[in-house]
2 protein chains.
Amino acid sequence: MTTINTNFLKFPGIYLFQEVARQVAAFKKTGPDKRVISLGIGDVTQPLAKAVIEALHKATDEMGKAETFRGYGPEQGYPFLREAIAKHDYQDRGINVDASEIFVSDGAKCDVGNFQELFSCDSIVAVTDPVYPVYVDSNVMAGRAGDFADGRWNRIVYLPCTKENGFMPELPKEHADIVYLCFPNNPTGATITRKALEAWVAWAKREGSLILYDAAYEAFIEEEDVPHSIYEIEGARDVAVEFRSFSKTAGFTGLRCGFVVVPSTLTVSDGNGGRVALKPEWSRRVATKYNGCPYIVQRAAEAVYSDEGQKEIWAAIAVYKKNARLMTEKLESYGLKVYGGKNAPYLWVRAPEGYDSWGFFHLLLEKACIICTPGVGFGAAGEGYVRMTAFGSPADTAEALERIGALFK
Amino acid sequence: MTTINTNFLKFPGIYLFQEVARQVAAFKKTGPDKRVISLGIGDVTQPLAKAVIEALHKATDEMGKAETFRGYGPEQGYPFLREAIAKHDYQDRGINVDASEIFVSDGAKCDVGNFQELFSCDSIVAVTDPVYPVYVDSNVMAGRAGDFADGRWNRIVYLPCTKENGFMPELPKEHADIVYLCFPNNPTGATITRKALEAWVAWAKREGSLILYDAAYEAFIEEEDVPHSIYEIEGARDVAVEFRSFSKTAGFTGLRCGFVVVPSTLTVSDGNGGRVALKPEWSRRVATKYNGCPYIVQRAAEAVYSDEGQKEIWAAIAVYKKNARLMTEKLESYGLKVYGGKNAPYLWVRAPEGYDSWGFFHLLLEKACIICTPGVGFGAAGEGYVRMTAFGSPADTAEALERIGALFK
């Protein structure tokens, strides 16, 4: 008899952002008099850069002519894009990453969701709390998380990030085989210093563990001491995989392109006393279950690195950074306690006295028609917070702040 | 210590099409005097339809303006595309499939590779032999295939398709929880009659099993008695999932769009005496590990169903069908035994006396600069055959046939 993977039945609720969408849809049915503004899901609003649009048109025209039509591309991504990434994001910054170590994909969510497939099902996984749900949920599906009770999975090692520790995870006290780190952080907006990241790399070496490093928000880093890539840290090539995305850097949330770096020097245990290189195994996974990012999208991503493209994407990022500064300033002026929002597009906002995460979410939705994301949805340690994003349009952001302000007068 | 999923270490070689590409690359380095022509990987060569190109341009322009920009779309796909699919591919043909049961993706390879995640790791999986490698390899990675010895995995149930049974799998003699069926078939080009497919649906009901039905090549069906969808068979909604693709129908191999149909009535065992609906579980998987097919690609797929789009895609398919007829005629005139090629874009060609699959592959490559796919790469029962595709340009196809003819003079 066909039987479900029973790990799927262990989830206590639906996927966080689906649950938020469900509640918002129910609220909209009540016919609010104000337009609903979202500071919820981290979705960009600035249009694609002109250079990107031009590249899409040009590549589309190629697809319409037999002489220049392209069918299946290399599963790993076209060399033109992998080389542009290696040069601009790594080599020009003095970081040793080769084009052959880059795997282009349709987004970092897919990559971070899929990468765990490479590891033994009894691996011990560590995550920060709060955490981007995909890290946990993909491991739940694979059976690594155990069972859910009191807001936590009993085989996951949680690293609480609280205001007491500056939302900076401490090194695990117990052993973990794999740790997911995301900096600048989703959802707290916290960043990591070079020194702190060095301690993580040293820990991974000592423990024989692997760091899955999500750097999807690196474009928002402004400060000097904050590493853009884990490969800025000596030795990281032996213990870390890095995930990147064009979603937040260049507004590709609806176009879908990201990449993962798997250094050729990275090995893990083969379960039998030896070592096995990870890169050929990821290559096998990609070749078996994926067929490459669309050619036209890869040309669009390549255009992000052109002089024109660079100018335009930094202008869009500047809009979001300005939003973040304004949000911090205004929310603080209403007496709210705000974290993050610097070097990061997310603000981690403490719910006012008497409200928990969902309570504050409902207050904002019902009284101000504002969507945010309840912090507890990211993990037990997120209780009492909500996440707000700076990805709205300037006009919407300003109006949202005004509406929130009215609640606190 | 981080440990590999040891199932990855069980593969006897690299992915079939990677291995073919490796050998072709090595041959090209020897500097052949003729241009190499591929009848190998099933990749289209006709450019995208004008209606599709126009839709891409239009949607691209929308992405360049703030008012019409689209970020994250629904993970399951935009309603406009799901409704077009439900209407044109199903309802207009009298088949009961609703838009809410369709999940748009970036291609059928990804879907058939990922879908097995929903099932228990000890499920017994049945496949035809020969078979599209993704069905097997994705189950190897999940640990359902057991170990490899003498060309076969010891936990997989193989259903041999040979010239003796007309390349039509018999119902499994032993129990299987999940069976993959692909019709029109890759690689043999065989089709299934309504009656034979009814027998499979009845078998699945009797056994409490699930059919994963790959209909990626349905657009090539010409004959009346050959079902385009498994849902043409009564009761199939209770026992089957169907995979479809725009790759071979509309030339989307480089654009990436497909879909899977998961009927709302389909349930499997919950492992605890009850039943669980499959659709919400696939929805959970999609929401957790996927972020939707690019908006512009979904608009392109929608345009396939426009009057103009339909006219153009059928013209392209007619080109491939003409190739297939010519290939069959010529190859038979050289004394080769040819199967498939009718209702299907693949020809399953018997290697001449004295040659096995790889031997004939090397003969064609080295003496005629023609790439085909060795049949044994699709399974032990494929030994002695090669697969040739009709997806080449008419000029290349004609030249390839001439070169092959010269070998048999």
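1. Which residues of α3(B) are buried? They are Leu81(B), Arg82(B), Ala84(B), Ile85(B), Ala86(B), Asp89(B) and Tyr90(B). Buried means 20 or more other C-beta atoms within 10 Å of the residue's own, with C-beta atoms placed from the backbone.

2. A word on the basis. This is a predicted model, where local features need pLDDT of at least 70, side-chain atom pairs count only at pLDDT 80 or more, and totals for chains, interfaces and linings use all residues. Residues are numbered from 1 along each chain as its sequence is written, while chains are lettered from A and ligands numbered from 1 in the order in which they are written.

3. Back to α3(B). The buried residues of this helix pack against β2 (102–105), β9 (240–245), β10 (258–261) and α9 (295–304) of chain B. Contact means C-beta atoms, placed from the backbone, within 7 Å.

4. Chain A has 12 helices and 17 strands. These are DSSP runs: H or I of at least four residues for helices, E of at least two for strands, numbered from the N terminus. Buried residues are 57% of its 409 residues. The C-alpha atoms of chain A fill a box of roughly 60 × 55 × 55 Å along the principal axes.

5. Now the interface. The contact takes 73 residues from chain B and 73 residues from chain A. On the chain B side, α2 (50–63), α4 (108–114), α5 (133–141), β11 (267–269), α8 (278–289) and α9 each supply at least two residues.

Key: A residue is buried if 20 or more other C-beta atoms lie within 10 Å of its own, exposed if 12 or fewer, and partly exposed in between; C-beta atoms are placed from the backbone. Two residues are in contact if their C-beta atoms, placed from the backbone, lie within 7 Å.
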